[in-house]
Amino acid sequence: MAALVSCLTNSYGRFGPLAAMEHIHDAGLSHLELNIKNHGVPSFFKETPLLTNGSTQADIDRVKDLLKQNQVQLSSCNITSGNPLDPDVVLMTKQKLDLASQLGVSLVVGGAGEIEQESQRETLYQHLKDIGDYAAEKGITYCFETHPGICVNAAGMLRTMNDLDHPHLKLNFDTGNINYYNEHADVIESLREVAPFVKHVHLKDSYCKFKDWNFTALGEAGGVDFLKIRFILEDQKFEGPYSLEIEGIEGEPDPTLEEHHRRIKQSVQYLCECGFFD
């Protein structure tokens, strides 16, 4: 394998991470990016989470057993929790880092946060450094999502990386979110600008239109040049994880489990054609 390619569990929609574990080998993959959700908060994708920040040791042991039974490994955990400007979100993030550490991952994905006025930036930075220091104690690197806020685009990512200058705070680059959240953005040029800071990637295809929720199988929309994505990151010696994120199409009926799985398999085949696998 040229690079580690994993499946993000929300790619199986409301069927959740257990369905992903049970079907992933048939798709040609062996790793998952596992979501750790917020306790008591319904998921956007309507799945039943395996873990939340309120999970117990018994819950962790059950997940480890499920991974072993299905011969699946974790590439990373997604611990998106809210805006780290809020001290309660920092606490929740640390709880999730504790869980991720017990699962043995060295990378997590989460939000960098938002500010309403420039005077809040230093507080947010202090909270993020606190998260970075805590992650470092666990041997984990926290990778900022391409979400609204201080890491919504390449300019924001670069400023944040340079201002924080923290070895355990890096970037998750999302190939679909760049255009979803930014008008007139160029996904390839954006990646070129921030590639040295990228430690985790969400591979997501789209028509590259602003606020257009069309995230189906990779290669189907065709707006993202995944071959160029691979070349740029290989120049930086990036070896993964690349995590498939297939969130569906706005307005479509809820896909069946079979349709979710078909999209994963189609995406893996497309990545093979793009040289992501030996």
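Pro241 is placed in the loop between helix 8 (226-235) and strand 9 (242-244), where helices (H or I, at least four residues) and strands (E, at least two) are DSSP runs numbered from the N terminus. The peptide bond that joins Gly240 to Pro241 is cis, with an omega of about 10°. Most residues other than glycine have a negative phi, and most peptide bonds are trans. The model is a predicted one, in which local features need pLDDT of at least 70 and side-chain atom pairs count only at pLDDT 80 or more, while totals for chains, interfaces and linings use all residues. Residues are numbered from 1 along each chain as its sequence is written, and side-chain values use heavy atoms, with hydrogens and water left out.

Nine helices and 10 strands make up the secondary structure of the chain. For 278 residues, a compact globule would have a radius of gyration near 19 Å, and the value of 17 Å for the chain agrees with this; the radius is taken over C-alpha atoms, and the globule rule is 2.2 Å times the number of residues to the power 0.38. Along the principal axes, the C-alpha atoms fill a box of roughly 50 × 45 × 35 Å. Of the 278 residues, 56% count as buried, a term that means under 20% relative accessible area, whereas exposed means over 50% and partly exposed lies in between (1.4 Å probe, protein chains only). Among contacts (heavy atoms within 4.5 Å) with a separation of 6 or more, 75% are accounted for by residues 24 or more positions apart.

In soluble globular proteins, nonpolar side chains tend to be buried together. When residues up to four places away in sequence are not counted, Leu203 touches residues including Leu218, Phe226, Tyr242 and Phe276.

The structure also holds 10 aromatic pairs, for which the rings of Phe, Tyr and Trp (its six-membered ring) must have centres within 6.5 Å, with planes under 30 degrees apart counted as stacked, over 60 as edge-to-face and the rest as tilted. Phe44 and Trp213 form a tilted pair, with 5.6 Å from centre to centre and 45° between the planes. Phe44 lies in the loop between strand 2 (31-35) and helix 2 (57-69), and Trp213 in the loop between strand 7 (198-203) and strand 8 (214-215), so this pair ties together parts that are 169 residues apart in sequence. The rings of Tyr180 and Trp213 have centres 5.7 Å apart and planes at 90°, and their pair is therefore edge-to-face. Tyr180 and Trp213 are both buried, whereas Phe44, at 61% relative accessibility, counts as exposed. Ring pairs link Phe44, Phe45, Tyr180, Tyr181, Trp213 and Phe215 into a cluster.

Positive phi values occur at two lysines in these loops: Lys46, with phi near 70°, is found between strand 2 and helix 2, and Lys211, with phi near 60°, lies between strand 7 and strand 8. Lys46 is exposed, at 60% relative accessibility, while Lys211 is partly exposed, with a relative accessible area of 43%.
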